[in-house]
Amino acid sequence: MKKFLTIFVCAAVALSLTACSENIVTSESENYALNALGDSPNDAGDDSGNTVAEDASESSDGEPNWVNASEKEFDFEEYKNGVMILYYYGDGGDVVIPERLDARPVVAFKDGFFSKDQFTNLSLPKYVTELGESAFYNCKRLQSVNIPEGVTEIGERTFYNCQSLKSVDIHNKVTAIGAGAFCGCSNLAGISIPNSVETIDNNAFAGCGNLKRVTLGSGLKYIGQGAFSKCGFESIKLPDEVEEIGDLAFSGCVNLKSVNIPKKTEAINDQVFRGCGLESITIPNNVKTIGRYAFRECSLLESVTIPNSVIEINSEAFALCNGLTKITIPDSVKYVSYDTFNFCNTAISVTYKGRAYTYKDIGRLPQIINGKYEGANKTETPAQPEPQAPTEE
């Protein structure tokens with residue numbers, strides 16, 4: 001069996017595996033189907049689910065100029081039940097990766113293998129089970145690639161900053177989408193997440209400003225921190241099975257006007273909808289906590305329904321919601337931060353236990369609800385806190 005050792009080390013990839021951008025939270029902290037354009041360039045009759053998109057190097061009929069890569073263009077080594085590709089020496093472009101090398105199936109690629117940005121369209125072998133972490137990291141020319149059916153997880157930063165990527169078909173054997181997987185894919189217009197996916201991790205689609213259409217499958221349980229921050233969609237339907245929505249998950253989605261809170265979600269975490277275009281929100285009676293800055297800077301928000309299940313409303317949860325003129329705090333609430341309504345419309349009226357409080361005296365609510373005043377000066381006689389310049393977290 002042929003066995004080659006790679007002679008190049010892609011050190012730059014390892015050094016650059018950081019957060020998606022300075023504007024995206026780090027990984028610490030409509031039924032829409034994507035259609036393949038053109039036939040699969042793999043062997044006739046295979047069911048690998050290739051997706052082919054428009055390309056700058058199109059042939060005269062509008063399709064990519066597919067080139068079948070030869071075995072001599074690769075370094076590879078024995079791996080599990082086949083081979084792992086370590087390095088590619090070809091010219092790139094629209095490339096069909098061979099299904100076998102040295103008569104053995106190609107099952108995996110080395111981490112960061114495609115990161116040299118040589119490819120515009122890729123057809124991957126049907127036997128592949130692992131793409132490798134950061135597989136297409138920073139491939140700014142890449143417009144389309146298929147995900148073979150043997151792949152069950154789209155790992156961390158797999159398509160990070162693939163700015164030309166227009167479409168990806170995620171098949172129904174994928175169960176998880178890793179942190180930063182599609183972060184910065186600024187031309188990605190739509191995505192359909194199958195029912196098999198349970199986890200969308202931190203920053204998975206962060207910074208996808210042209211992402212207008214998103215369908216989330218019914219099996220989804222976890223949406224990570226910043227997962228869809230600064231995306232472009234106007235509405236999104238969250239499945240009932242979602243148990244947790246991470247901090248900043250939809251922050252900065254300025255076009256987002258409509259969203260639901262799932263029945264199994266007990267907390268609206270910190271900054272989840274900060275800076276969104278929401279016009280109204282109905283919080284279901286399973287939610288107990290509204291986190292810090294949860295709806296801060298939702299300047300178009302006019303209507304909020306808070307149920308009797310809520311017991312805690314935290315710092316600046318509705319700050320700078322200038323469209324909000326009327327809101328009722330239910331009797332169930334045991335804690336409300338003194339700055340919950342900072343910088344809101346001065347015409348706002350907050351009702352608690354049948355009494356309406358104006359903007360001038362809502363500073364009294366923490367003392368009434370919490371049993372003590374928790375403003376900056378902690379005075380015995382509460383007063384509306386002095387406005388402070390908004391700060392970015």
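Strand E22 (residues 312-313) and strand E24 run parallel and are joined by two bridges. The model is predicted, so local features need pLDDT of at least 70 and side-chain atom pairs count only at pLDDT 80 or more, while totals for chains, interfaces and linings use all residues. Residues are numbered from 1 along each chain as its sequence is written, and side-chain values use heavy atoms, with hydrogens and water left out.

**The four-stranded sheet**

- Strands E18, E20, E22 and E24 form an open, parallel sheet in the order E18-E20-E22-E24.
- Strand E18 (267-268) and strand E24 (335-336) stand at the edges; each has a single partner strand, so one side of each is left without a neighbour in the sheet.
- Strands (E, at least two residues) are DSSP runs numbered from the N terminus, as are helices (H or I, at least four residues).
- Two strands pair if DSSP finds at least two bridges between them.
- Ile313 stands opposite Val336 in E24.

- Thr340 lies in the loop between E24 and strand E25 (349-352).
- The relative accessible area of Thr340 is 1%, which makes Thr340 buried. Buried means under 20% relative accessible area, exposed over 50%, and partly exposed in between (1.4 Å probe, protein chains only).
- The side chain of Thr340 reaches the backbone oxygen of Ser337 at 2.8 Å.
- Neighbours within four places in sequence aside, Thr340 is in contact (heavy atoms within 4.5 Å) with Ile313, Asn314, Glu316, Ala317, Phe318 and Ala319.

**Cysteines**

- A disulfide is a covalent bond between the sulfur atoms of two cysteines.
- The rule applied here requires a pair of cysteine sulfur atoms within 2.5 Å, and the count comes to zero disulfides.
- For Cys231, the closest cysteine sulfur is that of Cys208, at 5.0 Å, too far for a bond. Cys231 is buried, with a relative accessible area of 4%.
- For Cys344, the closest cysteine sulfur is that of Cys321, at 5.3 Å, again too far for a bond. Cys344 is buried, with a relative accessible area of 5%.

**Met84, in strand E3**

- Met84 belongs to strand E3 (residues 82-88) and counts as buried at 12% relative accessibility.
- Beyond residues up to four places away in sequence, Met84 touches Asp75, Phe76, Glu77, Tyr79, Ala108, Phe109 and Lys110.
- A separation of 9.2 Å lies between the C-alpha atoms of Met84 and Val128, which are 44 residues apart along the chain.

Note on methods
A polar contact is a pair of N or O atoms within 3.5 Å; within protein, one must be able to donate a hydrogen and the other to accept it, and residues adjacent in sequence count only if both atoms are side-chain atoms.
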